[in-house]
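Here's a quick tour of one protein chain. Have the sequence and the 3D view side by side, and follow along as the helices get paired up.

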Amino acid sequence: MRRVLVPHSHDSADRTDAALEGSERGMRVLAVSFAVLVGTAAVQAVVVGVSGSVALLGDTLHNFADALTAVPLAIAFSLGRRAATRRFTYGYGRAEDLAGIVIVLVIAASAALAGFEAVRRLLHPQDVHALGWVAAAALIGFAGNEWVARYRIRVGREIGSAALVADGLHARADGFTSLAVLLGAGGAALGFPLADPLVGLLITGAICFVLRDAAREIYHRLMDAVDPSLIDAAERILLAVPGVRGAGAVRLRWIGHALHAEVEILVDHDLTLVEAHAVAVETEHRLIHHLPRLRAATVHTDPHDPTGADHHAALSTHR
């Protein structure tokens, strides 16, 4: 109702509200997924007590540990709510990238642990009791992790959080480790005790692929990489603004789960300062409206001079 009755605006408070909304969604995802993973691990712990399965014990401890990866992300989202300061002039959104690094390291540790356990059990096979319960607990572990993975990845992409997407990929990797327990139990039931460690090695390889995707996602954010289609979209928006004669450099970067832009536009050289400023304001206005998750844009106006004069001659040796 408020949106209908009150015209929209783009002042700093509105942009902060949009950023906070994304952080609040992220915190909600972390809380829900934390509860699901802890509940999944608790059910598995009961079955461990009944079956004595070492593999399931490892998966249970793994799920408990993985639930704790929500902690660095929660800290990052909390930091991201803080206002910019004279030292951190762009705010604290980069904390999400630091949390993403922690998550990538946890995925790497998961792969190493899964590989170590697979090799150890290949060299020293162990009997497993209550195979039906173990299989059921493994399915619960897979279902819980896959649900959390889909939830985190979907919301992470919606709010533009690479760290949350990486954590979702991490949960998917953990689901694979649960499947290793299931397939291993099935092999043991068929009289092939080495099935569990062999499948564990295959799952380790699958986790490594997940690690690659998560690491690439975080690396791109750290290197200020963006989807080239966003640049194309920004250029189309610029050229459609009345008074813009051409588009110069367009730079986009992610800070947390919000985009920031720096663009150059050409305007008629005989415009007054007020008129050129009005074109720049309309340019930023349209960018914020039509470029997804863009929080702010810095617009630099250059004169479009038919005489071909170089208005940046004084800077030529610095560029």
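Take the contacts (heavy atoms within 4.5 Å) in this predicted model between residues at least 6 apart in sequence: 72% of them join residues at least 24 apart. The chain has 10 helices and 3 strands, where helices (H or I, at least four residues) and strands (E, at least two) are DSSP runs numbered from the N terminus. Of its 319 residues, 42% are buried, and buried means under 20% relative accessible area, with exposed over 50% and partly exposed in between (1.4 Å probe, protein chains only).

**How to read the numbers**

- Residues are numbered from 1 along each chain as its sequence is written, and side-chain values use heavy atoms, leaving out hydrogens and water.
- As this is a predicted model, local features need pLDDT of at least 70 and side-chain atom pairs count only at pLDDT 80 or more, while totals for chains, interfaces and linings use all residues.

**Order of the pieces**

- Helix α6 has 29 residues and spans 42 Å from its first C-alpha to its last, close to the 42 Å expected at 1.5 Å a residue (the expected span is 1.5 Å times one less than the number of residues).
- Just after α6 comes glycine 160, with a positive phi of about 80°.

**The nonpolar cores**

- A nonpolar core is a set of buried Ala, Val, Leu, Ile, Met, Phe, Trp, Tyr and Cys residues joined through side-chain atoms within 4.5 Å.
- The largest one here has 32 residues, and Leu73, Leu164 and Ile207 have the most contacts inside it.
- Helices α2, α4, α5, α6, α7 and α8 each supply at least two residues of this core, with α7 giving the most, 8 residues.
- Another core lies apart from that one; it has 26 residues, among them Ile237, Val241, Val244 and Trp254.
- Leucine 73, leaving aside neighbours within four places in sequence, touches Leu30, Ala99, Ile103, Ala163, Leu164 and Asp167.

**How helices pack**

- Axes are lines fitted to C-alpha atoms, for helices over the stretch in contact, and angles run from 0 to 180 degrees between N-to-C directions.
- Angles under 35 degrees count as roughly parallel, over 145 as roughly antiparallel, 65 to 115 as roughly perpendicular and the rest as oblique.
- The axes of α4 and α5 are 8 Å apart at an angle of about 175°, so these two helices are roughly antiparallel.
- On the α4 side, that contact includes Pro72, Leu73 and Phe77, and on the α5 side it includes Ala95, Ala99 and Ile103.
- For α5 and α7, the axes are also 8 Å apart, but the angle is about 15°, which makes α5 roughly parallel to α7.
- The axes of α9 and α10 come within 9 Å and cross at roughly 140°, which makes α9 oblique to α10.
- Where α9 and α10 meet, Ala234, Ile237 and Leu238 of α9 face Thr283, Arg286, Leu287 and His290 of α10.

**A closer look at glycine 168**

- Is glycine 168 buried or exposed? Glycine 168 is buried, with a relative accessible area of 0%, and sits in helix α7.
- Apart from neighbours within four places in sequence, glycine 168 is in contact with Ala149, Arg152 and Ile153.
- Serine 33 is 135 residues away from glycine 168 in sequence, yet 9.7 Å away in space, C-alpha to C-alpha.
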